[in-house]
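Let's take a walk through this structure, starting with its aromatic rings and moving on to a sheet. Have the model open as you read.

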Amino acid sequence: MRGERLDKLLARMGLGSRKEVARLVRSGRVRVAGEVVQDPGYLLPEGAPLEVEGRPLRVRRHHHVLLHKPAGYVTSRTEGPSVYALLQGFPTRDLSPVGRLDKDTEGLLLFTTDGELLHRLTHPRHKVAKRYLVHLLNPATAEDQKAFREGLLLDGKRLLPAELCWGEDPTCVELTLREGRFHQVKRMFAARGNRVVYLKRLALGPLLLGDLPKGEARLLTEAEEAALYQAVGLGGQNPQGEV
Ligand code: URA
């Protein structure tokens with residue numbers, strides 16, 4: 001396979017605009033297989049190790065960015081304030097959100113450049129778990145638990161079984177879904193005569209929000225990527241397609 005232009009690849013890795021990375025290359029701070037390369041148009045041979053400013057650069061075919069979405073941001077490119085405003089430093093042009101969180105919902109929002117991964121993560125066939133922390137106006141009940149477990153009827157459609165649990169306080173619950181319909185959590189509780197007053201996504205498949213500060217974003221680790229691809233049946237396919 002023909003190699004990719006060095007400036008194009010570095011821009012795709014989020015190191016700057018095409019102009020900025022061309023300047024970086026010309027300044028002699030980029031090495032390919034240990035040799036300084038100063039031509040931004042250099043075609044990078046497949047598998048060649050790359051260093052930028054003395055640090056090895058892991059070349060990725062796809063990016064996956066995990067954001068701790070704060071309330072008040074819209075999962076949209078065109079409406080504001082947009083979640084994309086929180087992704088500065090990442091190659092936002094090619095990143096798409098994996099599902100949506102409502103403007104007032106907080107928590108884990110994943111973005112990816114991999115269309116097949118996105119499709120599989122959002123398609124109910126793959127039953128990827130989405131775990132939410134939910135604060136309710138009224139306490140949840142054992143009947144809610146049973147109704148969700150058996151698959152609630154919403155708009156004439158039977159939902160997939162969902163797990164509802166809580167500790168000491170039945171107004172502070174966790175709900176795990178295996179599909180992602182429009183306003184699903186809020187509508188499920190509304191159908192039970194209750195109301196969601198706070199909603200935060202804690203986990204998506206094997207990914208955990210953890211202690212990532214609100215408003216911050218980070219790339220997935222290699223272990224997280226591998227677990228994610230595994231979760232949707234794309235495991236063992238060298239998903240990052242290392243160059
Ligand atoms: N369900 C909702 O109702 N809202 C969200 O943002 C996510 C899931």
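Start with Y84 and F111: both are buried, meaning under 20% relative accessible area, with exposed being over 50% and partly exposed in between (1.4 Å probe, protein chains only). This is a predicted model, where local features need pLDDT of at least 70, side-chain atom pairs count only at pLDDT 80 or more, and totals for chains, interfaces and linings use all residues. Residues are numbered from 1 along each chain as its sequence is written, and side-chain values use heavy atoms, leaving out hydrogens and water.

Now the other buried rings, F148 and F189. They make an edge-to-face pair, at 5.2 Å centre to centre and 80° between the planes. For the rule, rings of Phe, Tyr and Trp (its six-membered ring) pair if their centres lie within 6.5 Å; planes under 30 degrees apart are stacked, over 60 edge-to-face, and the rest tilted. The partners come from distant parts of the chain, 41 residues apart: F148 in helix α4 (residues 142-150) and F189 in helix α5 (residues 184-191). Helices (H or I, at least four residues) and strands (E, at least two) are DSSP runs, numbered from the N terminus.

By that ring rule, you get two aromatic pairs. Y84 and F111 have ring centres 5.5 Å apart and planes at 70°, so they too are edge-to-face.

On to the sheet. It's an open one of four strands, ordered β3-β2-β5-β6, with antiparallel pairing; strands pair if DSSP finds at least two bridges between them. β3 (35-36) and β6 (55-57) are at the edges with a single partner strand each, so one side of each has no neighbour in the sheet. Between β5 (residues 50-52) and β6 there are three bridges, and E51 stands opposite P56 in β6.
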